[in-house]
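Student: Could you go through this model with me? I'd like to ask things as they come up.

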Amino acid sequence: MTFKAQIMSPDDVRRALTRIAHEIVEKNKGTEGLILVGIHTRGIPMAQRIAEIIKTFEGAEIPVGVLDITLYRDDLSEIGIQPKVRETRIPFDIAGRSIVLVDDVIYTGRTVRAALDALVDLGRPQRIYLAVMVDRGHRELPIRADFVGKNLPTSKSELVKVKIAETDGEDGVELWERQ
């Protein structure tokens with residue numbers, strides 16, 4: 001892998017999350033019935049940050065859940081014999097609520113498809129939105145994000161790395177080239 005460019009700085013990430021938080025509240029017409037669900041790994045701290053940002057300007061506590069999609073992936077046989085299954089923690093009823101799935105990058109749409117399957121197994125939300133830091137294109141399924149930090153057209157040989165301080169020690173978005 002070869003580093004190509006720094007796409008977003010820590011300040012860019014902070015501004016994008018703040019904008020996404022405002023857009024979520026606007027689209028939902030407030031915070032009533034709103035739940036954020038972070039997809040492992042980087043979607044979780046992003047969802048927690050968005051909830052904190054919403055709390056600062058709306059004064060409302062937004063529940064945040066954790067979703068593992070490992071067993072819902074359509075490429076499970078390619079991952080290996082013993083895929084790493086992590087915790088799903090959504091300790092509240094999602095029926096009739098507005099869910100915002102949060103992930104770092106949307107690429108083919110297959111992660112989101114798996115997340116939708118996992119969520120529906122837990123209940124029937126009124127609506128499901130999708131928030132991502134980066135939309136890099138190349139969709140294989142008819143899925144799009146409702147809230148996007150940055151649209152970044154890429155080639156298939158490129159890799160987008162979203163860094164979140166809670167998991168990576170720093171915030172930022174980098175573009176890398178596969179060799």
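Student: Leaving aside neighbours within four places in sequence, which residues is Ile24 in contact with?

Tutor: Ile24 is in contact with Leu34, Leu36, Ile50, Ile54, Val100 and Phe147, once its neighbours within four places in sequence are left aside, and contact here means heavy atoms within 4.5 Å. Before we go on, please note that this is a predicted model, in which local features need pLDDT of at least 70 and side-chain atom pairs count only at pLDDT 80 or more, while totals for chains, interfaces and linings use all residues. Residues are numbered from 1 along each chain as its sequence is written, and side-chain values use heavy atoms, with hydrogens and water left out.

Student: OK, and which residues have the most contacts inside the largest nonpolar core?

Tutor: Those are Ile24, Ile50 and Met133, in a core of 32 residues. A nonpolar core is a set of buried Ala, Val, Leu, Ile, Met, Phe, Trp, Tyr and Cys residues joined through side-chain atoms within 4.5 Å, where buried means under 20% relative accessible area, exposed means over 50%, and partly exposed is in between, using a 1.4 Å probe and protein chains only.

Student: Which element gives the largest share of this core?

Tutor: Helix 1 does, with seven residues. Helices (H or I, at least four residues) and strands (E, at least two) are DSSP runs, numbered from the N terminus. There is also a second, separate core of 20 residues, which includes Val37, Ile69, Ile106 and Ala118.

Student: Which residues of helix 1 are buried, then?

Tutor: The buried residues of helix 1 are Val13, Ala16, Leu17, Ile20, Ala21, Ile24, Val25 and Asn28. They cover an arc of only 165° around the axis, which puts them on the same side of helix 1; the arc is that of the directions from the helix axis to the C-beta atoms.

Student: Why would residues three or four places apart point the same way?

Tutor: An α-helix has 3.6 residues a turn, so residues at that spacing point the same way.

Student: Switching to helix 4, how far apart are its end C-alpha atoms?

Tutor: They are 19 Å apart, which agrees with the 18 Å that the 13 residues of helix 4 (residues 110-122) should span at 1.5 Å a residue; the expected span is 1.5 Å times one less than the number of residues.

Student: And which of its residues are buried?

Tutor: Val112, Ala114, Ala115, Ala118 and Leu119 are buried in helix 4. Seen down the axis of helix 4, these buried residues fall within an arc of 160°, so they line one face of the helix.

Student: What do those buried residues pack against?

Tutor: They pack against strand 2 (34-39), strand 3 (64-67), strand 4 and strand 5 (127-135). On the face of helix 4 turned away from its buried side you will find the exposed residues Val120 and Asp121.

Student: Strand 4 came up there, so is Ser98 buried or exposed?

Tutor: Ser98, which belongs to strand 4 (residues 98-106), counts as buried because its relative accessibility is 7%. The side chains of Ser98 and Asn28 are joined by a polar contact of 3.1 Å, a term for a pair of N or O atoms within 3.5 Å, where within protein one must be able to donate a hydrogen and the other to accept it, and residues adjacent in sequence count only if both atoms are side-chain atoms.

Student: What does UniProt place at residues 99-111?

Tutor: The UniProt record, an unreviewed entry, places the feature "short sequence motif: PRPP-binding" at residues 99-111; positions are given in the numbering used here, feature names are shortened, and annotations may be inferred rather than shown by experiment. In the model, that span is 15% helix and 62% strand, and its end C-alpha atoms lie 16 Å apart.

Student: One last thing: where is the cis peptide bond?

Tutor: The cis peptide bond joins His40 and Thr41, with omega about 5°, and Thr41 lies in the loop between strand 2 and helix 2.
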